Amino acid sequence: MSAVSSKQRQFDALVRSLSGDLFRYGYWLCGDHALAHDLVQETFLRAWRALDDLRDTAAAKAWLITILRREHARLYERKTPQFADVDDIDIADERDAHMPEFAGEENLIHNAMRKLDPKYREPLLMQVLGGFSCEEIARELKITPAAVMTQVFRARQKLKAMLDGSTQEAAIHELS
Amino acid sequence: MNCLEFRRQLNIDPQCSEADFVRHRQECPRCADALERAGAFEASMRQALAVPLPSQLAESILLAQATQQQHQRQRYQRGGALLAMAAAVVLAFGIGMRVQAEPLQVLAVDHMNHEAEALGMTKPVSDSDVRKAFAERGIVLNKVPADISFVYCCPVGRYKSVHMVMPQNDGPVTVLYLTDDNREAHKDFTQSGWSGRSVPMAHGTLVMLGHDASHFDQIENVWRTALQSAAAASNARI
């Protein structure tokens with residue numbers, strides 16, 4: 001009985017400390033608020049069933065992100081992801097109804113991030129949101145650390161380029 | 001580390017704390033400025049990535065987990081009940097098989113002991129009662145042996161039988177005619193202090209039990225005559 005309670009306490013702590021990060025990670029993977037909620041919930045339900053496998057609490061976040069990515073991959077098999085062909089749609093009009101409007105630079109970064117190719121976006125998310133090192137990202141994505149370095153480097157370059165373009169465009173709009 | 005390497009590292013990981021990186025930042029004011037700008041960009045990016053969370057996110061996950069657990073418990077309970085039922089069926093089947101597996105002589109003696117009061121009956125029953133009992137088992141008995149003091153249709157384990165008692169001078173003999181199974185061998189046996197004999201006869205088996213086997217031959221003969229004539233009559237009707 002006490003073992004069950006201990007497991008439940010561990011699970012509660014994981015949910016309360018990491019569900020926010022997992023949700024944000026899920027949101028940037030699938031691009032949909034409600035879907036991200038489902039992803040995170042399913043991730044934690046799977047984590048509950050496999051909680052005995054988690055030996056190192058320091059590895060909990062990476063473990064959960066692995067589960068979440070698998071869940072997302074399953075989802076990807078069933079549904080066309082919303083980030084596909086993102087250049088063909090008006091990002092501002094596609095803004096999730098649940099999401100509040102972003103202001104200024106934050107809004108530009110948000111849109112730029114949504115336009116970023118997933119192969120660049122995902123390692124960047126793992127680094128910025130997950131706090132993982134390049135080696136850890138490499139293990140998770142099953143690529144070399146050098147490839148991770150290249151991808152996060154290009155991700156930042158592309159983001160900055162998009163933001164520079166958007167800023168110039170915004171300035172033109174303001175002048176006209 | 002030179003400026004190019006520093007700027008490259010800045011785009012890979014601005015939080016880098018490697019000694020070379022930190023040293024170059026301290027030595028190069030232009031790269032230090034670049035680091036500051038990169039820091040501001042990282043902060044803006046971090047802020048943009050930190051999309052608002054759904055209200056009660058953790059609570060909704062915990063609720064889903066608790067609900068799932070509850071469903072699992074119910075499934076286990078239902079599964080447990082089904083398992084218990086299955087176990088009961090297996091047990092019952094096992095007991096049934098055990099009953100089935102008991103040798104005829106054991107079943108016969110057990111049955112006789114359960115109806116021990118029949119052994120004390122000495123008043124002869126009427127021929128019509130005997131015919132009636134056999135008729136219940138689908139046997140038309142034309143010739144009824146004499147001196148039957150008890151007759152009743154009884155189940156003996158897996159067998160259908162006509163249970164009779166035939167008093168003799170030195171004690172009663174229980175006669176069981178198992179009406180639908182004649183696979184038992186003709187044999188004499190002793191069981192729980194009783195002498196016995198089983199005889200395949202017509203479509204069934206005659207079993208005799210008594211303290212003394214000396215009357216078995218005579219009883220076997222009278223019943224063979226009676227049952228053979230009954231079988232002949234049945235065949236003639238067919």
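1. In this predicted model, helix H1 (residues 3-12) of chain B packs against helix H3 (residues 29-49) of chain B at an angle of about 5°, the axes lying 11 Å apart; axes are lines fitted to C-alpha atoms, for helices over the stretch in contact, and angles run from 0 to 180 degrees between N-to-C directions. H1(B) and H3(B) are therefore roughly parallel to each other, a term for angles under 35 degrees. Helices are DSSP runs (H or I, at least four residues), numbered from the N terminus.

2. From H1(B), Cys3(B), Phe6(B), Arg7(B) and Leu10(B) meet Cys31(B), Ala34(B), Leu35(B) and Ala38(B) of H3(B), where contact requires C-beta atoms, placed from the backbone, within 7 Å. By class, the residues of this contact are seven nonpolar, no polar and one charged (Ala, Val, Leu, Ile, Met, Phe, Trp, Tyr, Cys and Pro count as nonpolar, Asp, Glu, Lys and Arg as charged, and the others, Gly among them, as polar).

3. Between the chains, 33 residues of chain A are in contact with 23 residues of chain B. H1(A) gives the most to the side of chain A that touches chain B, with ten residues, and that side has 20 nonpolar, seven polar and six charged residues.

4. On numbering and confidence, residues are numbered from 1 along each chain as its sequence is written, while chains are lettered from A and ligands numbered from 1 in the order in which they are written. Local features need pLDDT of at least 70 and side-chain atom pairs count only at pLDDT 80 or more, whereas totals for chains, interfaces and linings use all residues.

How values were computed
Helices (H or I, at least four residues) and strands (E, at least two) are DSSP runs, numbered from the N terminus. Angles under 35 degrees count as roughly parallel, over 145 as roughly antiparallel, 65 to 115 as roughly perpendicular and the rest as oblique. Two residues are in contact if their C-beta atoms, placed from the backbone, lie within 7 Å.
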